[in-house]
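User: I'd like to learn how to read the packing in a structure like this one. Could you walk me through it?

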Amino acid sequence: MRFLVAALVLACSSSAVAAPMVRSIGLYGGGYLINGLPAAYVGSGDFKEVLQLPADPGLVVKVFYADTTSSAPEMRREVAAIRALEPLAVAPRLVERGERTVRGQAAGYLVQERVRGSTLDNRVTAEKLEHVRALFETLRAAGLELTDTAMDFKLRANIMVGTTRGGPRQAYLVDPAFKASDKTAAQLGVFYDGLLARIARR
Ligand SMILES: Nc1ncnc2c1ncn2[C@@H]1O[C@H](COP(=O)(O)OP(=O)(O)O)[C@@H](O)[C@H]1O
Ligand SMILES: [Mg+2]
């Protein structure tokens, strides 16, 4: 009986408090340590460093810069955007969020499915373009308008074509910023045709 109770307590506590995937974030040389292991660099932008989770190459850890006052609201914004897009399956899935102390400062982080593929920074093939066209069609049909599109380099860096561990090869919004559009259906179509033309150019 005592054994049964002990087993039950153990089972409940382990399911209620699952161990976080990211237990610690540290720095060494020019790179990051996650859970004490060197984390391969995947990418970076204005707000964060994107690293591979050492124990699972199918996941990335997005570490928001601790010294940027705008990074906390930016993280909240990104989480809200990813969650809102879940029904459309156009963003890699979010699997964990949290905060760790990095060099004495609190830094937010997200764990997200890794897109194996490339951004639109490099050569955009006809096949890639078709995936982006399908992505834009999904967003257009949902009445959503991408924001943060003024600069070509951001537009290109925030869209990747590839696969996730749970999803097919397609175009993904890795850093989604959007709003409910107040454009008419026709205007929204013109907006996305314009974005597609900018991506195709070069
Ligand atoms: N889920 C992901 N899988 C693979 N690479 C990613 C993923 N998310 C971001 N990246 C890479 O990291 C870069 C920066 O990420 P992003 O979220 O756009 O950061 P920022 O907000 O700083 O612009 C992207 O341009 C892309 O190259
Ligand atoms: Mg970005």
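Analyst: Gladly! This is a predicted model, where local features need pLDDT of at least 70, side-chain atom pairs count only at pLDDT 80 or more, and totals for chains, interfaces and linings use all residues. Residues are numbered from 1 along each chain as its sequence is written, while chains are lettered from A and ligands numbered from 1 in the order in which they are written.

User: Which residues touch the most other members of the largest nonpolar core?

Analyst: In soluble globular proteins, nonpolar side chains tend to be buried together. A nonpolar core is a set of buried Ala, Val, Leu, Ile, Met, Phe, Trp, Tyr and Cys residues joined through C-beta atoms within 7 Å. Buried means 20 or more other C-beta atoms within 10 Å of a residue's own, with C-beta atoms placed from the backbone. Here the largest core has 19 residues, and V132, L135, I159, M160, A171, Y172 and L173 touch the most other members.

User: Which element gives the most to this core?

Analyst: That is α3, with four residues. Helices (H or I, at least four residues) and strands (E, at least two) are DSSP runs, numbered from the N terminus. A second, separate core of 17 residues includes I25, I34, V63 and M75.

User: Is V22 buried or exposed?

Analyst: V22 is buried, because 21 other C-beta atoms lie within 10 Å. V22 sits in the loop between α1 (2–16) and β1 (25–28). Contact means C-beta atoms, placed from the backbone, within 7 Å; not counting residues up to four places away in sequence, V22 touches I34, N35, V61, E96, G98, R100, Y109 and V111.

Methods. Buried ≥ 20, exposed ≤ 12 C-beta atoms within 10 Å, placed from the backbone. Contact = placed C-beta atoms within 7 Å.
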